[in-house]
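Please open the model in your viewer and keep the selection panel at hand.

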Amino acid sequence: MKKLLGLILFLCFSLGAFAQEISEKRDIAIFRLSYYSWSIPLEALGSVDEEIKNVFINLGRFNVLGMTYRLESEDIGNFISKIQEFKEVKAEIPREVLLGHAAFMEADFRRLVGSFIVVIPVLSYYDLSYDDESKTYSVTLETSFTFVNVEEEKSFAHFKIETLGSGENPNETIRSAISSIPAQLSYEVRKIPLFQIKTGIMDISGRTALIQFGKDRGVTVGDEFAIIQPRILSSGFELKEETGLLVVKEVHEDFSYAYVLFASKGGPFVGDQLYEVPRFGSESAFYGHLLVRERDLSLLAGVRQVATRGFYKYRPFVGIEFPLALNYSLGGFLSTLYLGVELNWYLGRLQITPQVSAGISGKIPFEEEEEYQLSHAGGKVQLTVSYLFRKNVKLFLDTGYSLWYSIEPSLFPDLTGLFAGAGVTVKY
Amino acid sequence: MQKRSFFSFLIIILILSVFIVSCTSLQDGSSTDATERPMYYGRASGVTALEALNNAKVEAVRRAVSDLIGPASFSANRDKIDTDLFGKVNINALVMNDTLVTLQAGREGDLYFSDLGIRVDLKALAAVLRKNDIYGNQITPGGGQPALLPDQAPPAGRFVQSNTRETSKETASGSAPTASVSKTPAPLTAPIASPSSSLPETTEEERRFIENHIRLMTYMIYYDEDKVEDPFVMTTAVSIANEYLVSQKREIVDFRQIEEVKRDRELAYEESTGSVMSLIQWIAQKTNADVYGEIEASTAGETQGRNHYGKANVAVRFFEASTGRLLSSRTYSSPRTFSLSSQQDALANALQSSLYELMPLLLSDVEGYMAKALLSGIKYDLIIQGTEDARLMREFMQNLERRVKSVKRTFQSAEETRYEVYLLGTIDDLEDLVYDLADTVPGLAGLELIYMRGNSLTFHSGL
């Protein structure tokens, strides 16, 4: 049962579902951004459209087609026809056919010119408002994306992205909302099974695996790949188990090096199948610390947000923590905001992470009439030892030294001293 | 006396023990020979190193499938194996990656290649074959006994690197992870297993001879000139058939050589055969082909707008060149092919792809048939000139009968005697044999070879 919990099993009943082991670049055509009757500045629409286009290009796993037709096509049907005509001209007859080894039928030809995906982005919701009190604008943008397989004439994926923005003028507000689109869109696209990278291990050295694909497919440092072991049941059906996890530590043009976090059955081995684990690229660490302050013990609770996608050895983080024991006596919530960087040493599932951070604290008063008040400035150094308990969950122990000096010693005591604690990290 | 009996008893016990132990170890030896996870070898190329690796695994499994279900079933289920087995099942489910050994790997031009050995999971393979209704030899619908195969012999003279964790950055940059690079192109099609291996009545020497003979047979392909619609299309069809044979390492008679023989000797053919034998067979004999094939095809084309379509019905027959005996006959109706350029293009594709579909089946038929036919020996014509002494020739024939599979006297006169000799050996073996026999028959000591051509030997008795 325990073993089962550690495994994600995919029962392959559908024909051809797992036939492909190495991802191929997909032909994709992005239709221009449509919108309903929202009154949106044209510049803003153009920016959204550009961001969307850039995400698909930068993901590396697509051949983006029809860039010259997307704006001139009146409707989606016209857009598809133009791309089909383009593909017909550029169509490369398979080598096997040219050699006379395989028959080439009309269906093959239709597949050749029709095998592409059209992305239809629509700005489905837009709300710009002004707050008289704070004298700022805020905006909500909701963009929906539909993916249509032209060959099969059916849509196979659909999602919405909601982004928020604020600013002192409408343009700045909308731009801030637009700037959030790429990260979310990239994550949503990578989540679609058809677009997930499927690759394999080409070589192994110690705990480092050499895997196919690098920048050419948008692989980024910090990306994770699951080792997939297929198994045939006596009935002939194919079962797939996740037997290990790798994290990418070095990316080259068409290959990458990945560190083996764990692998069962003595693996991994050359030739093992890998599936991309799509993640937003972040970890949330929830923790509790006991701070030894002079002769008192203070309890702190906090959450640390670590950026993982794009980082391997050194990773930045931001965090917020609350010295719980002091809150009541001070007549408000003390909250500390900090920024820092961590150094990661991987020892399989075990991870040793020294961290250093700096920040400020302030009191959020219980009473409405009181104002927010800065209380401390300083930082902390700490050492975290974590264990990858599940693919997405780590348990950890922290210890370190806090140096939060009071800005108003008469009101707030210094928060300095040794601390220790524990927590859980969720990867997503 | 009692002491002596006791010692005799001890010796008998000892002999029995040794016998039982040796029997047991023999049994053990045979059980370790065949295993559920035999080592198989494959070589293939690919656009990337990983693709080459996967293709090589597929090649190794393909060989295991052929051995598991037999070459006949393998040929008959070729499409199903390609689509249902290799097209849908993840190859890693059928092999043990921890047993992978790299023999050679590297890059040749734009393509990577991989030459490896890997253990194949026959239990998994058998389950997939049964699920897809692919049966043969060890794979029966009911299951029953586990599928077992012995390890395949490793290809000789190649560097071996096991699936260890040693690697280098050079590998990553796309260069060869192992030292040696072979320039031999990788055969991407399944090898045709020797059909003679399934013939139990033969001795080891005969089996080797049959295997060698089949492997070294020369093929000649031509088309039926009486039913030809477009000589160019038919020529390309012959080329495709020849290309397949060459890819399978079979000897062929070049098309141009056939044309030359045909042009030069059409008259000679009329004179020598009186049209009893077909011209193609006559050319096959003249070019020393062992097997010849005749392609017949009818094609139909159609054009709709700017789309062109083609369809071909192809029949191919293979014959033994010396006897004209039919070895295989197969027909194929192509799907409706498509071309944007021309109807001719669509027709050529229909015909060529049909030939390519048929050739593995035909080759399997021919080799299977020849393996069985060769059991009764290869037919040679033996002519001895100057045979006035009929009694002497009778004695010679009786001696010959004891040393060959069979012998038949087809003509006798004072001028010459003709025999049809069936021998499991080469024409040189027959020549040596005739000299040996001449030494044993008084009066034939002066016998000497005066002419040899194809499968025909002509001696003069020296009388």
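Helices here are DSSP runs of H or I with at least four residues, and strands are runs of E with at least two, both numbered from the N terminus. Counted in this way on what is a predicted model, chain B comes to 13 helices and 17 strands.

Next, colour chain B by its domain assignment, which gives domain 1 as 34-166 + 175-180, domain 2 as 212-374 and domain 3 as 377-460. Where domain 1 of chain B meets domain 2 of chain B, four residues of the one are in contact with four of the other. On the domain 1 side, select helix α3 (residues 71-76) of chain B, which supplies the largest share, three residues; that side divides into two nonpolar residues, one polar and one charged.

Now turn to the largest nonpolar core, which has 74 residues and in which B:Ala237 and B:Leu351 have the most contacts. Helix α11 (residues 343-373) of chain B contributes the largest share of this core, 14 residues. Centre the view on B:Leu351 and, leaving aside neighbours within four places in sequence, display the residues in contact with it: B:Val233, B:Ala237, B:Ala297, B:Thr299, B:Ala312 and B:Val314.

Finally, select A:Ala209, A:Phe255, B:Ile118 and B:Val128, which are among the members of a second, separate core of 68 residues.

Note on methods: Residues numbered from 1 in each chain as written. Chains lettered and ligands numbered in written order. Predicted model: local features only at pLDDT ≥ 70, side-chain atom pairs only at ≥ 80, totals over all residues. Domains from an automatic or database assignment. Contact = placed C-beta atoms within 7 Å. Nonpolar A, V, L, I, M, F, W, Y, C, P; charged D, E, K, R; others polar. Core = buried A, V, L, I, M, F, W, Y, C linked by C-beta atoms within 7 Å. Buried ≥ 20, exposed ≤ 12 C-beta atoms within 10 Å, placed from the backbone.
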